[in-house]
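Please open the model in your viewer and keep the selection panel at hand. The tour moves from one selection to the next and says what is to be found at each.

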Amino acid sequence: MVNPVLERLYRENAVVHRDGKRRQLCPPGIPAFKGEYLFQLVRDRRPNVTLEIGFAYGLSTLFIAEALRQNGRGRHVVIDPNEHRRFDGLGLRHLEEAGLAEIVTFLEEPAELCLPRLAEQNLRVDLAFNDSDHLFDHVVTEFVLLGFLLPKGALLVFDDASLPGVGRACDFIAANRPDFAEVRPVHARLPPGAGGGPARLEGLHTLLTRRPGHPAGGSAGTGG
Ligand SMILES: C[S@@+](CC[C@H](N)C(=O)[O-])C[C@H]1O[C@@H](n2cnc3c(N)ncnc32)[C@H](O)[C@@H]1O
């Protein structure tokens, strides 16, 4: 495991909220092999800025931020409106424990409200991970908004592409957005016979932006 905090969290697979109740960590957190895939992507690509939607108890953030720390550069932005209300701020505590809080900017608001502001601020993201609400309309909305932040050559990874809402959104993107190409998740430790399309094994769906589809807010379909 890439750091001792993650090792402890996966071993215990539980957190204790302030009300004394134990709650399962994973799910909602991603399984370790997906985290290791994200970790390796960040190590390989050495991004300056990474961004993630869906923080919860912070598992995927810990993998991404640990990779940035080991790269010796880069910062991570993570968005989640429910961190204190549903997760008791434990994701933030895990980041502190791992010594990774300095690398991470946490934004406690809905992504659909936050992403337009980040686009106005001209934030450019080299690698994004979407593990948010899994309904079709929500995934597509976040995809469109994320598109404003991703320059040519950036990567966008969806989790849970095997769920109906996310899977249909991925199909929609594949059919309608030629400015994104699918990438096979080469680093994931895949069980024998894992199904799905080559880019969606084990629910991970990785996309590469292959041309700047949103220079001024247009999409590939509008000639962008
Ligand atoms: C599956 S959990 C994320 C797990 C996390 N990536 C991990 O590995 O520990 C999904 C998260 O999406 C968040 N979420 C739901 N709606 C959202 C929205 N509109 N904007 C941003 N995050 C949202 C939830 O609060 C929840 O924490």
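Against which elements do the buried residues of H2 pack? They pack against strand E3 (49–53), H3, E6 and E7, where contact means that two C-beta atoms, placed from the backbone, lie within 7 Å. Helices (H or I, at least four residues) and strands (E, at least two) are DSSP runs, numbered from the N terminus.

Before selecting anything, note that this is a predicted model, in which local features need pLDDT of at least 70 and side-chain atom pairs count only at pLDDT 80 or more, while totals for chains, interfaces and linings use all residues. Residues are numbered from 1 along each chain as its sequence is written.

**The whole chain.** With everything displayed, eight helices and nine strands can be traced. Buried residues make up 44% of the 224 residues in the chain; a residue is buried if 20 or more other C-beta atoms, placed from the backbone, lie within 10 Å of its own.

**Helix H2.** Select residues 32–45 next. The 14 residues of H2 should span 20 Å at 1.5 Å a residue, and the end C-alpha atoms are 20 Å apart, which agrees; the expected span is 1.5 Å times one less than the number of residues. The buried residues of H2 are Lys34, Gly35, Tyr37, Leu38, Phe39, Leu41 and Val42. Just after the helix, Arg46 takes a positive phi of about 45 degrees.

**Strand E7.** Now move to residues 155–158, where Leu155 and Val157 on one side and Leu156 and Phe158 on the other are all buried, so that both faces are covered.

**The crossover.** Select helix H7 (residues 136–147) together with E6 and E7: they make a right-handed β-α-β unit, meaning that, with the strands pointing away from the viewer, the path from the first strand over the helix to the second runs clockwise.

**The ligand.** Finally, select the 22 residues around the ligand, of which Gly29, Gly54, Ala56, Leu59 and Asn82 come nearest; a residue is near if its C-beta atom, placed from the backbone, lies within 6 Å. Helix H3 (59–71) and helix H6 (111–120) are the elements that give two or more residues to this shell.

Methods:
Buried ≥ 20, exposed ≤ 12 C-beta atoms within 10 Å, placed from the backbone.
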